[in-house]
Amino acid sequence: MGLERRQIHVAYAYQRIAEEIESQILEGTLKPGEQLPGETEMAEMFGVTRSTVREGLRRLESEGLVCRPTPRRLVVAIPRIDRLSTRSGRTMALMKVTYRELWQVTLKTEMLAARLAAEMAKDDEIAVLKSLHEDLSGAEGNASRTIELDGRFHSQVARIGKNRVLGLAREPVAHLLFRGFAQVAPFVPQFYKRQIEAHSNILCAIEARDPIRAETWARKHIEDFWRAVQIAGLEDEAAVNNVKALS
């Protein structure tokens with residue numbers, strides 16, 4: 001198909017160019033992996049300068065909609081989940097969403113993720129979970145390392161379930177909530193062991209291909225985290241202290 005020629009107004013032209021190319025990507029006119037024309041050609045197509053085109057392309061690159069496999073080639077890309085979740089996480093933090101709001105959603109998404117993982121898991125995917133769990137067990141008492149490994153464990157569980165919509169929906173919410181562990185841990189030091197125990201049971205249920213048990217332990221795990229949030233008195237506090245951690 002290729003990029004279609006469409007008229008671009010000069011005012012805020014770089015934004016309009018970015019919006020037009022984004023629109024054609026979403027419409028399917030431009031396909032993932034398809035190479036875009038050069039800056040000179042696009043400048044002629046849209047009736048603007050090369051610098052204007054370049055600025056519009058920078059915006060698309062920052063959004064993850066296009067990428068450069070080589071310095072001279074620009075192709076349509078599928079945005080990575082981590083980029084999308086980071087942006088969504090920042091938005092929620094700026095909205096000052098509370099731990100209560102995050103927990104209410106995370107409870108449902110993690111239960112579904114665990115159930116799907118138990119139904120869909122392959123041996124090599126379970127091996128990744130086991131490795132992450134071993135690392136988490138070895139990080140007991142280290143809050144920053146625990147937060148990192150906890151997020152990776154839950155993301156792997158969701159990835160195993162192979163539901164991309166769930167992956168996009170849960171990632172920013174769960175990550176923003178789980179990064180609250182740094183604020184919770186000083187009030188509930190035993191939560192390190194409880195977290196390791198919950199992950200162990202979720203892992204065993206997935207390995208046994210037992211979706212009900214996996215879902216049950218995911219619920220227990222997230223409810224246990226909520227009790228820790230309550231002990232810390234953070235239920236209706238805004239989860240804004242984690243904005244930098246999402247960068």
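Helices H5 and H7 each supply at least two residues of the lining of the largest cavity. Helices here are DSSP runs (H or I, at least four residues) numbered from the N terminus. A cavity is a set of points, on a 1 Å grid over the protein atoms alone, where a 1.4 Å probe fits but cannot get out, and its lining residues have an atom within 4 Å of a point. The model is predicted, so that local features need pLDDT of at least 70 and side-chain atom pairs count only at pLDDT 80 or more, while totals for chains, interfaces and linings use all residues. Residues are numbered from 1 along each chain as its sequence is written, and side-chain values use heavy atoms, with hydrogens and water left out.

Rolling a probe the size of a water molecule over the atoms shows where empty space is left. In this structure, two cavities of 30 Å³ or more are found.

Around it stand Asp-150, Phe-178, Phe-181, Phe-191, Gln-195, His-221 and Phe-225, which divide into four nonpolar, two polar and one charged. Here H10 and H11 each supply at least two lining residues.

Helix H11 deserves a look of its own. With 21 residues, H11 reaches 30 Å from its first C-alpha to its last, close to the 30 Å expected at 1.5 Å a residue; the expected span is 1.5 Å times one less than the number of residues. Its buried residues include Trp-217, Ala-218, His-221, Phe-225 and Trp-226, where buried means under 20% relative accessible area with a 1.4 Å probe and protein chains only. The buried residues of H11 pack against H5, H7, H8, H9 and H10. Asp-224, also found in H11, counts as buried because its relative accessibility is 10%. Not counting residues up to four places away in sequence, Asp-224 touches Phe-191 and Arg-194, contact meaning heavy atoms within 4.5 Å. After H11 comes Gly-233, whose phi is positive, near 70 degrees.

In soluble globular proteins, nonpolar side chains tend to be buried together. The largest nonpolar core of this model has 53 residues, and Leu-102 and Ile-206 have the most contacts inside it. Such a core is a set of buried Ala, Val, Leu, Ile, Met, Phe, Trp, Tyr and Cys residues joined through side-chain atoms within 4.5 Å. Among the elements giving two or more residues to this core are H5 (99-120), H7 (143-160) and H11 (211-231). H5 gives the largest share, ten residues. Leaving aside neighbours within four places in sequence, Leu-102 is in contact with Met-92, Val-97, Val-173, Leu-176, Leu-177 and Ala-239. A second, separate core of 20 residues includes Leu-3, Met-42, Val-48 and Val-66.

Leu-166 lies in helix H8 and counts as buried because its relative accessibility is 7%. Although 57 residues separate Leu-166 and Thr-109 along the chain, their C-alpha atoms are 7.2 Å apart. Leu-166 touches Thr-109, Leu-112, Ala-113 and Leu-116, not counting residues up to four places away in sequence.

Technical notes. Buried means under 20% relative accessible area, exposed over 50%, partly exposed in between (1.4 Å probe, protein chains only). On a 1 Å grid over the protein atoms alone, a cavity is a set of points where a 1.4 Å probe fits but cannot get out, and a pocket is an open set with protein on both sides within 12 Å along at least five of seven lines; lining residues have an atom within 4 Å of a point. Grid points are joined across faces, edges and corners, and a volume is the space filled by probe spheres set on the points. Ala, Val, Leu, Ile, Met, Phe, Trp, Tyr, Cys and Pro count as nonpolar, Asp, Glu, Lys and Arg as charged, and the others, Gly among them, as polar.
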